[in-house]
Every structure is written in C-alpha cells, then in structure tokens.
Amino acid sequence: MSGYHAPDSAPTSSPTSHPAFDPEQQLAVLPPPARDVAHHPYPTSSMAAIVKGIDLTDSPPYARSLNSTASNSPRIPPLRQNSGSQTPRVRPHATTLNIPGMTRSKVSPDGRIPQRDVASKLVIVMVGLPARGKSYITKKLARYLSWQQHDARIFNVGNRRRTAAGVKVTPQPRLAPEPPRLDGPVRAATILLNGVAPRHTEPSLFDLNSPEGPGQELHKQDEEADHSAKFFDPKNERAAAFREQVALDTLDELLDYLLIQGGAVGILDATNSTIVRRQHLVDRIKAREPKLGILFIESICRDPNLLEANMRLKLSGPDYRDKDPHQSLQDFKARVAAYESAYQPLGDYEEQHDMQYIQMIDVGRKLIQHRLKGFLSGGISNYLSSFNLSPRQIWITRHGQSVDNGLGKLGGDSPLTERGHCYGQALHKFMTHKRKEWIMEQKSKLAQASFPPLPGDNTPPYPEMNRELDEKNFCVWTSMLRRSVETAEYFDADDDYDVKNWEMLNELNAGQFEGMTYDEIARKYPEEYHKRAKDKLNYIYPGVGGEGYLQVISRLRDMVQEIERITDHVLIIGHRSVCRVLMAYFMDLTREDITDMDVPLGMLYAIEPKPYGIAFHAYKYDEERDWFYELPHYRPQKAARGSV
C-alpha cells in the first residue's frame, strides 16, 4: 500500500504556486484504490489520504500543508459547507441539550441557539378546567425559564378574549407593564411590596392587531358583552366560535413571537379542554412551522381545599371584581360545569399520536409525563415537580463584613471582622424574633378567614393552613467559604436551626483575578476590565476556575428547585453574585439587570410565596441599635456607577 502513487496527471506542485489551485476539486479527480482502502488498518487518517491519491511515504508539498500543524506550515482552514439542506439552521437537533450561554456553536457563538435554530424553540400549550392553577403555573414557569436565559413569554387567551369583546378590565396591580428594570417591579407574578400592592396598574398586554379584530362584531351587537357562565356553554355556538377565533389569534401572536421576534418559548395559557381544540392548535402550529416543539401541560386539581383557594382568586379577578362574591361564586361554578360537560383530559389520544405531555395533579403533588423529548421539556418537568403551596418564608442576605471586604479584594476566603461577627449575632436574634412573629400572624389569618371572601380580600389562605405551623423547620444554608460559614455560627449553636453548607452557594470565582481589587484589574488588565464592564452577564473571568454570571445561574438551578420544593423556612447566607442571581429569580428581573442589582452588606430580604405570586420585604441592619428595621416600599435598585 505504501508503494501506491498518484497517476501522472496528479498535480505535484504546491498550492501556493498555482493561483487557481483548489485542493478539494483537484483531489476529487483521483481514482481511489478501492481494494487497498478496504483492507487498510488505519481508516481514520491514512485512508483519507489514500482516497485522495496521496503517497504517505513521499507526501507532495500541498499534502504536507494540509495536514501539518507546525507553526511554519500554513494550514488551509476548512470551508463551512451545506451538504444537503439550504437552511442548515432549521433542522432536527443533533442534541437537545441547550443551556443559554453554556452551549455554543459556530452559528450561535453567544449560546442563544433558539434564536437561530427553530427546532430548539418550544410551544407550551396549557390544558385544564378553570380554577385549576394554570395561570399560577404559567407565571412561575415563565419566570423560571426567563431566569435560565430562555426568551419566554405568556400568551393568555382569557386576557385577549376580554379585550376583544370590549369588557372593561381593571387589571390586578402589578409592578410594571414591561419586563422590569431594577427600579421597577415584576412581570410574571403579582408582588406585594411590604404586603401592599402598588397603586398604579398596567394596560392589557394583548391588544388586538386591528380595531376590527375578532369580537368587535359581537361587541357592536351587545355593548356590554355577557361573559357569565352561559357564554362558556359549549351549546352556545356563537360564543364558541368567538372563543375559538380568539384562541387561534392568540396562538398566531405566540408563533410570531417565536418565528419572527426570536423568542425561544411561548406559553399558550387557556383551557384547551377538548381533543378537537388541541388537534386544531397542533395543525395550525405545524402548518406554520413543522419543526417547532409542542409540549402540553395539564393542571388537574382534586383537592377540595385547593379548589376553594383557587376560586377565591378567581372571584377577585377581572371577570368578577367589584361584583357580589356570593353571586359570582355561583356563576363561576356554573362556568366550570359548562367546561366539564365537554372536557377531555390528556391521555390516549395524545399517546396514540406521539404527543409529549405532562399532567400536573394538585400543583405538583403528582406528575404524569409522556414521551418528553429533549432537555428543555425534561427540565420543565423537574421544575414543576418542585412546586408546593406551603406557607413559608425565604430569607436572603450576604455574609457579615470580611477582612477582604474592607480591603476591596475579590474572592478569597478571609474570615469575618468583628463587625461581621456582630452582624451574624444580630441576624440570629432577628430571625428568632421573626419566626415567632410569623407563626402568630398565620394563626390570626387562619382564624379570620372566610369564604366567599369579603370585598377587597385578595389574599386567600393556603390550602395547607390547617397543618401545624409550630412544627415548621428553619433551614440556614451557607456557602463553603469561611465568611459565610462564620456568619451562621450563632445558628449552628442553636438546635432550633438546621445549618448546611453548600458549595454551589460559593461566590463567583474570579480566576486569575482572585485577591485583586477592581482598581488593580483596571490598571494591569484594562482590556479585561472594559470587556467585563461592557457585558457583565456573558463575561467569564480568565484563568483556572474563572466563572461568569451565566455559570452561577447554571449551578444554582438545582438550588432554586430545592428552595421551591421544601416546605420549611430557609435563610440563605450568600455572596454578592449569588444573592443577585437568586433575587433575580424571585423578583423576575431582566437579564440586563441581574448583574447590576445593588446588594450591599447589611441588607436582608424576605420573600413569602403566595398563590398569586410573592410578598416581598426588605430590612436594613442598624449597627448602633444592633437590630434590623424595615424599608417601606423598597424595590431592587441598580448599583451606583463604578460599583462591582
């Protein structure tokens, strides 16, 4: 085999000596020695050379230039080719593993693969009867996916239906109509600051594309469109046709978001309670783009206490607000009965047609899944399995002052200063006080609860409120770093607290810049300093172990799911980047704001999950009083310019 030589017609000159030389075109004319190739023992390297007609014992100059990696041997880089389809970015996944910022390719150097590969996008179609917690699920899911850097958005058919039919809607107070900046609030769930909703409200997010859009004719014929229970009766053909059109228009808006605006995940929030409706949605999606992924998520509630709490929320919603709660309750039950008369849960039909779905029973107590395809669908299932409605508090703070804090140094593992130890002691005393106060408040709320709710009551009790509140555990989680562990020393000495150390809560690793100040980095490495200042979210510190914010988000994914899963109180004593990332999840901050949130030493944040969202409180440590005082109407702020 080593004696094989190319035919006389084969070129023997270097590519640099021939201006029209094309190695791929020239080598293609050489006949491969089929017999020798078939028996060659090294098909991965030598065989390739033989197929191209190259003598390995006396390689011509151009062969050496193609294969050599020596510094003095110029290498011809391969050209990107399209070997089949004219649209290589629209194709089935080679792998469905997609973590924005952590998975990159040549066509997606920023790691945002779904922006360029339609097969990475996902349509989530909600299924379920009214008052089954679908909107609660969609809001939390959208918040989680956005925090994980997937561009996700909710498209609510009910909101569009009310707008289309001309129903006057006074939306529930929320912190901002747009994805919030740091000085504004949240988009994916209601947040009560210090237990009080802000005064301003937001406009509808689902305006019609045309003033003569669906529902206008109905509205002209009936100035006050009737959206009582009879409107949802399947036998009401006119209303059914209207609702069907509104659902399809909302789906079209979702598809525009994915296919035109670069979105990654679109969530269709509606009942979608029949097989015919769901198949119609699938057909419309596939007609628009057959490679889009589709995941059905059905919420089923069997717990009567859970249903009661859900109905309370519905009675304070846009269809029943400011109306008699007793009459509204009867009407809402009639609406549910109308849906139930035609309701068909997910099951045999979807399985026979190879559709992926998740059934969520009693808000995460039980999950059933079928044919989940891909990392994203599997991750969604894991996240949904962590849901619980147990009343509890989540506290987040940084460690006390460390030696390196005083010196302005990055990272390290320095001990606390005396001031830092005092902070840890005050934190233990304050948490013990708030723990007792919380139990008294919950028992008082439980004793005063009524159903139907009184006018203005928008905070229904939890279904789990009948459990023993005194038995609730209190977890204290720290990082493995000394300054975090030492801040928890007074909790560790108290048997009433369960203290654990987590490596995933460690501060962002600054790589070769560990132990330096930002001024030193700016002087010695100005290019790196400006590179980080320009894009802190995607920046990764150079050197061994260097991380960026996307790496912190990735390693805290399991931590967030554990926080959502446990029913106990938890206090997290973390670091600046860790607190920023966790607060960004709970407060639903945009990706532009995650890295700039002001989280100074001495601040303590309380997050209380509710069926409608969260209640948020902020406290500041007063060294003179050795105690914490609440900051009224506090919102996350942007750090001062020049701050880390």
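User: Quick one to start: does H21 pass H22 in a right-handed or a left-handed crossing?
Analyst: H21 passes H22 in a right-handed crossing. A crossing is left-handed if the near helix is turned anticlockwise from the far one by less than a right angle, and right-handed if clockwise. Helices here are DSSP runs of H or I with at least four residues, strands are E runs of at least two, and both are numbered from the N terminus.

User: What am I looking at, and how are things numbered?
Analyst: This is a predicted model, in which local features need pLDDT of at least 70 and side-chain atom pairs count only at pLDDT 80 or more, while totals for chains, interfaces and linings use all residues. Residues are numbered from 1 along each chain as its sequence is written, and side-chain values use heavy atoms, with hydrogens and water left out.

User: Back to H21 and H22. At what angle do they pack, and how far apart are the axes?
Analyst: The angle is about 50° and the axes are 11 Å apart. That makes H21 oblique to H22. The classes are: under 35 degrees roughly parallel, over 145 roughly antiparallel, 65 to 115 roughly perpendicular, and the rest oblique. Axes are lines fitted to C-alpha atoms, for helices over the stretch in contact, and angles run from 0 to 180 degrees between N-to-C directions.

User: Which residues make that contact?
Analyst: Val560, Ile563 and Glu564 come from H21, and Leu582, Tyr585 and Phe586 from H22. Contact means heavy atoms within 4.5 Å. By class, this contact has five nonpolar, no polar and one charged residues. Ala, Val, Leu, Ile, Met, Phe, Trp, Tyr, Cys and Pro count as nonpolar, Asp, Glu, Lys and Arg as charged, and the others, Gly among them, as polar.

User: H21 packs on H5 as well. What's the geometry there?
Analyst: H5 (residues 134-147) and H21 (residues 557-565) pack at about 160°, with axes 12 Å apart. H5 and H21 are therefore roughly antiparallel, and their crossing is right-handed.

User: And which side chains meet?
Analyst: From H5, Lys140, Arg143, Tyr144 and Trp147 meet Arg557, Val560, Gln561 and Glu564 of H21. The residues of this contact divide into three nonpolar, one polar and four charged.

User: While we're on H5, where does Tyr136 sit, and is it buried or exposed?
Analyst: Tyr136 lies in H5 and counts as buried at 16% relative accessibility. Buried means under 20% relative accessible area, exposed over 50%, and partly exposed in between, with a 1.4 Å probe and protein chains only.

User: What does Tyr136 touch?
Analyst: Not counting residues up to four places away in sequence, Tyr136 touches Val363, Phe387, Asn388, Leu389, Lys610 and Pro611. Tyr136 and Gly613 are 477 residues apart in sequence, with 7.8 Å between their C-alpha atoms.

User: Next, H10 and H11. How do they cross?
Analyst: The axes of H10 (residues 304-315) and H11 (residues 325-340) come within 10 Å and cross at roughly 115°. H10 and H11 are therefore roughly perpendicular, and H10 passes H11 in a right-handed crossing. Met311, Lys314 and Leu315 in H10 meet Pro325, Ser328, Leu329, Phe332 and Lys333 in H11. By class that gives five nonpolar, one polar and two charged.

User: Backbone check: what are the phi values of Arg371 and Asp588?
Analyst: Arg371 has a positive phi near 50°, and Asp588, which is not a glycine either, has a positive phi of about 60°. Arg371 is in the loop between S7 (366-370) and H13 (375-384) and is partly exposed at 47%. Asp588 is in the loop between H22 (576-587) and H23 (591-594) and is buried at 2%.

User: How buried is Thr478, and what are its contacts?
Analyst: Thr478, in S9 (residues 474-478), has a relative accessible area of 0%. Beyond its neighbours within four places in sequence, its contacts are Ser484, Val485, Ala488, Lys500, Asn501, Trp502, Leu505 and Ile573.
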